[in-house]
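Hi,

Here is the structure I promised to pass on. Please open it next to this email, and my notes follow below.

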Amino acid sequence: MKDYQKIKELCQLSSKISASVIDEFLMNYVAEKEKLVQPLLAKLGKHKSVTNEIGKDYVSRIMAEFIGHKIFKEGGFIGKYLNQGAIKSLPEEQLKYLKLQHEHPWRFCYSVILNLPAPDFYEMQDVFSGEKFLLYSPGTTQTFETQKPILWFNLIGFNGECWQTYGLITGFNGFTVDDIFFFATELNPDITNEQELMDELERNPIPFILLLSGANHPLLRNKEDLISHWASIDEISELNTGQFSEQFDIAWNKDVYRLELKNWSDGPHFATAYYDEKKRTLFRYALTETGFDALSKALSKLNLSPEADTHVAISMVITTEKILNKKIKINPYEVLFEKTVSKKDQESTALVNNFMQLALPYFNEKREPDLDALAKEAGIDIENARSLWAFLHKQMKAKI
């Protein structure tokens, strides 16, 4: 049986040494020698909308985490500096610690908690490699005081007995492993498997770290249904839509058939398929898993895989768009069948959406907003602002 008190004492000693030799000396020393700061600022400058949102304190902590990773990752700068005079002259305890970190490279890790064997200790599992490891993290314990994360993102290092975090501790309240994979493939479309994702994470961690900007978004539910995008695309040489007329409402526009599944095409499911005559592809889409399953069963004559190619939270799509500064369209066909909306209605909708975007951070942080100020900023009257805030509060509470 593990002696957790003894391991805890080692962890606390390691943290003390790390603060002294890494935070107070090595990071600045290596960053200056390798000229790491300006290129890092340039990387962060590509994501100004996110860095402005999270604030200077988080940006400073991200920079420290990035530099720490550059030093101690596999093949990092620590190997270059261990034999230099400034490092070799360090106290024996600190030098021994640095050599241990060189032998056990730090890495970024997405993980879930399997068990809590002792206070501040967590049995974790890497969601991409499957590796299980013991983590000591009082910061994780503190996070649970105000949140209920379902997925964790940490930079971790080994102390001889267990792993510890360095830098930010990010707990995601509404992102899953599927969401992270979606983000990675939007960042680098060449990624096709978990190993390629982990390689990209080690090579280019900044976009992944910035996902902390969406960490507080909750899972959205409608009763028992998780609200998220579910989609698949299959090659179909031809489709006789007539054979599906009893189960679907069928429409056509610009070489695309829309098949709305009866009793499932309205909210919250929006279960719909689209057959593209030119591309000879069938696109299945729904906003719930039960809706996607019902859609797939209704199309069972086509022998399609019941699995979705894409499963991603709505909040992850929004967060990805912000970080990567691009527009993402999960359902490329819905625009072909949208009803014409007047310019006045479009403007009104835009103002409402603007208010909702301004109000969401207050809801996520459980703070009451200054509705007069938000209404003025969004361009709507105060009565509408009060009604929208009450609606948001009621709807979001019902889905969490």
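In which loop does K223 lie? K223 sits in the loop between β6 (221–222) and β7 (225–226); strands here are DSSP runs of E with at least two residues, helices are runs of H or I with at least four, and both are numbered from the N terminus.

Before the rest, a word on the source: this is a predicted model, in which local features need pLDDT of at least 70 and side-chain atom pairs count only at pLDDT 80 or more, while totals for chains, interfaces and linings use all residues. Residues are numbered from 1 along each chain as its sequence is written, and side-chain values use heavy atoms, with hydrogens and water left out.

**Backbone**

Most residues other than glycine have a negative phi, and most peptide bonds are trans. K223 is not a glycine, yet has a positive phi of about 60°. The peptide bond from G267 to P268 is cis, with omega near 5°. You will find P268 in the loop between β10 (256–261) and β11 (272–276).

**Domains**

The domain assignment, which is automatic or from a database, gives domain 1 (4–214), domain 2 (221–336) and domain 3 (343–398). Between the C-alpha centres of domain 1 and domain 2 there are 38 Å. Their contact (heavy atoms within 4.5 Å) takes 18 residues from domain 1 and 15 residues from domain 2. Together, domain 1 and domain 2 bury about 1,400 Å², 67% of it on carbon and sulfur atoms; buried area is the accessible area (1.4 Å probe) that two parts lose on being put together, summed over both. D179, F182 and E186 supply 36% of the area that domain 1 buries against domain 2, more than any other three residues.

**Helix packing**

Two packed helices are described by the angle between their axes and the distance between the axes. Axes are lines fitted to C-alpha atoms, for helices over the stretch in contact, and angles run from 0 to 180 degrees between N-to-C directions.

Helix α1 (residues 4–33) and α4 have axes that come within 10 Å and cross at roughly 75°. That is why α1 counts as roughly perpendicular to α4 (65 to 115 degrees; under 35 is roughly parallel, over 145 roughly antiparallel, and the rest oblique). I22, L26, M27, V30 and A31 of α1 meet A64, I67, G68, I71 and F72 of α4. By class, this contact of α1 with α4 has nine nonpolar, one polar and no charged residues; Ala, Val, Leu, Ile, Met, Phe, Trp, Tyr, Cys and Pro count as nonpolar, Asp, Glu, Lys and Arg as charged, and the others, Gly among them, as polar.

Helix α2 (residues 37–45) also packs with helix α4 (residues 56–72), at an angle of about 125° and with the axes 11 Å apart. The pair α2 and α4 is therefore oblique. On the α2 side the contact is made by V37, L40, L41, K43 and L44, and on the α4 side by V59, I62, M63, F66 and I67. Nine of these α2 and α4 residues are nonpolar, none polar and one charged.

Lastly, the axes of helix α9 (residues 177–187) and helix α10 (residues 194–203) come within 10 Å and cross at roughly 65°. The contact joins I180, F181, A184 and L187 of α9 to E194, L197 and E200 of α10.

Happy browsing!
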